[in-house]
Amino acid sequence: MNQRIDTHVEQAGAPQGQSSGQFQRAEASKRGRSRLRPRTLLAIYLVFIMLPIYWLLNMSFQTNSEILGSFSLWPQNFTTANYMGIFTDSSWYMGYVNSIGYVLMNMLISISVALPAAYAFSRFRFIGDKHLFFWLLTNLMAPPAVFLLPYFQLYYSVGLFDTHIAVALAHCLFNIPLAIWILEGFMSSVPKEVDETAYIDGYSFPRFFVKIFIPMIRSGIGVTLFFLFMFSWVELLLARTLTATNAQPIGMIMTRTSTASGIDWGTLAAAGVLTILPGIVVVYFVRNHIAKGFALGRT
Amino acid sequence: MVNKVYNNRAWLLVLPMLALVAFSAIIPLMTVVNYSVQDVFDANTRFFTGIEWFERTLNDAGLQAALLRQFAFSFTVLAIQVPLGIGIALLMPKRGWQASAVLILITLPLLIPWNVVGSIWQIFTRGDIGLMGVGLRELGYGYNITRNPVDAWATIVLMDVWHWTPLIALLCYSGLRSIPEAYYQAARIDRASKWAVFRYIQLPKLTNVLVIGVLLRFMHSFMIYAEPFVLTGGGPGSSTTFLSQSLATMAIGQQDLGPSAAFSLIYFLIILLVCWVFYTAIMNMQKDKAERGGV
């Protein structure tokens, strides 16, 4: 395949009529090498990405005595006991249910209030719009550690402490501004004539928004949901502070593996592997949008 | 960009969002401001202290050291991640199943909960059971992140590079995808060097996504908490204790409401200031360029 591309390129250069056959051959082999090198470098990077994950996977299929007793590059006595332990203990698997529960709630809340707001920012000027937008972005920069104590008090006093909705609302702090920021970019890249034509055709605003506008920024919404999932799923500091038992995230339950008698490495690794799986599912769904969508409409 | 219409009814579209964010942001922030100027003994006894807590926080040697470490860390990871991310984006295959596979693999680290990232690297680097820990010892290097601050520091930087370079790479990758093929053809006809193609075609197209990438990376690296907390616990000594961890220790561990609130506000303001300066600088640069006629 390399060869074919090379000749192609050569033909493009040929009309200048200066290159001798020898020169072409030298050039071709140089290009062949220079296409091989990127592949090697990329492969090295991918190995770097996968190694720690592989090691986690490796540990999750070993018993603790094997992990601590002998050093091996792959499981010698393959076991799924660690996973079975998690799937049969409700206090373990409920952690996943809790985490997924508040993440989905947060995605739903964030996207439904961010869509109209982003539309307003991308299409209209209004009193205080720039200040409002800047204030929104500052929330993205607020370290969660700053809000630990006030959040605890606030949610405790309104009776939401230790519920899923409390964590979902708390994550809105950074997810709504992020969603508006991303969506605004996508919406601004849709020409305004689209809106005007639709109104002339007699569409009302809500109908236009749902029927025409939202389908037009599909990939933008896909990428936004990806980011919402990502930042809500990976955050632990706030989620941990706002929950005690009923809505405890999996990240907090994992700390149970470390006890006075040592760390239960096998279970910790298996639990870790299971936290990666929802991410893989999400990436799989948005894989076709990522390539274009990550530019966030701003190119 | 579209020309915007002046219409104050747009506020109606913004209101639901405003109500939610205000609940999550303004009320807690006011609580912090409230604490930062008072000395709270119990529910009924409190004294107004003015700026005493702020003065104390700014003069605290431990916090100053944490701030310096934080800046050093943020700039180190940015200096590695931005060039590396651009490089990876240039190397990634452009189409076919290979492109999808590479995309999915590269995105993986971004979707792992932050404390699990800490656990993964803890398992990976332990001297007795970790691949990297055992590997480095086999090679004769006395690697130990619980004793040697340099090892701990290097491991945290490596972990952050592993964790976050994909974000920059993905942003750049999608920026590159938006360059029309005709640009490259024109460059080939001109016999432009690879560097010239990068400098005059690819890099200008990447500016916008890179601004977003650098801003996001700066903010998050400045707020880093869970990963070093799990991996090193801030040690050895306090060599990897960053600002968030100092703050959490102060607010939750020691229950020092006043000082930790003052610390929170200063922390927040530093991030705001850096982001604002960076953003304004970039925007002015672009405006200058546009005025000079080049793009």
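Mentor: A residue is buried if 20 or more other C-beta atoms lie within 10 Å of its own, exposed if 12 or fewer, and partly exposed in between, with C-beta atoms placed from the backbone. Of the 299 residues of chain A, 42% count as buried. This is a predicted model: local features need pLDDT of at least 70, side-chain atom pairs count only at pLDDT 80 or more, and totals for chains, interfaces and linings use all residues. Residues are numbered from 1 along each chain as its sequence is written, while chains are lettered from A and ligands numbered from 1 in the order in which they are written.

Trainee: Which residues have the most contacts inside the largest nonpolar core?

Mentor: A nonpolar core is a set of buried Ala, Val, Leu, Ile, Met, Phe, Trp, Tyr and Cys residues joined through C-beta atoms within 7 Å. Here the largest has 152 residues, and Ala114(A), Ala117(A), Ile180(A) and Cys172(B) have the most contacts inside it. Helix α8 (residues 164–188) of chain A gives the largest share of this core, 17 residues; helices (H or I, at least four residues) and strands (E, at least two) are DSSP runs, numbered from the N terminus.

Trainee: Which residues is Ile180(A) in contact with, leaving aside its neighbours within four places in sequence?

Mentor: Two residues are in contact if their C-beta atoms, placed from the backbone, lie within 7 Å. The partners of Ile180(A) include Ala114(A), Phe121(A) and Met17(B).

Trainee: Why does helix α8 of chain B lie largely in the open?

Mentor: Of its 9 residues (181–189), the number buried is 0, so helix α8 of chain B lies largely in the open. Just after α8(B), Arg191(B) takes a positive phi of about 55 degrees.
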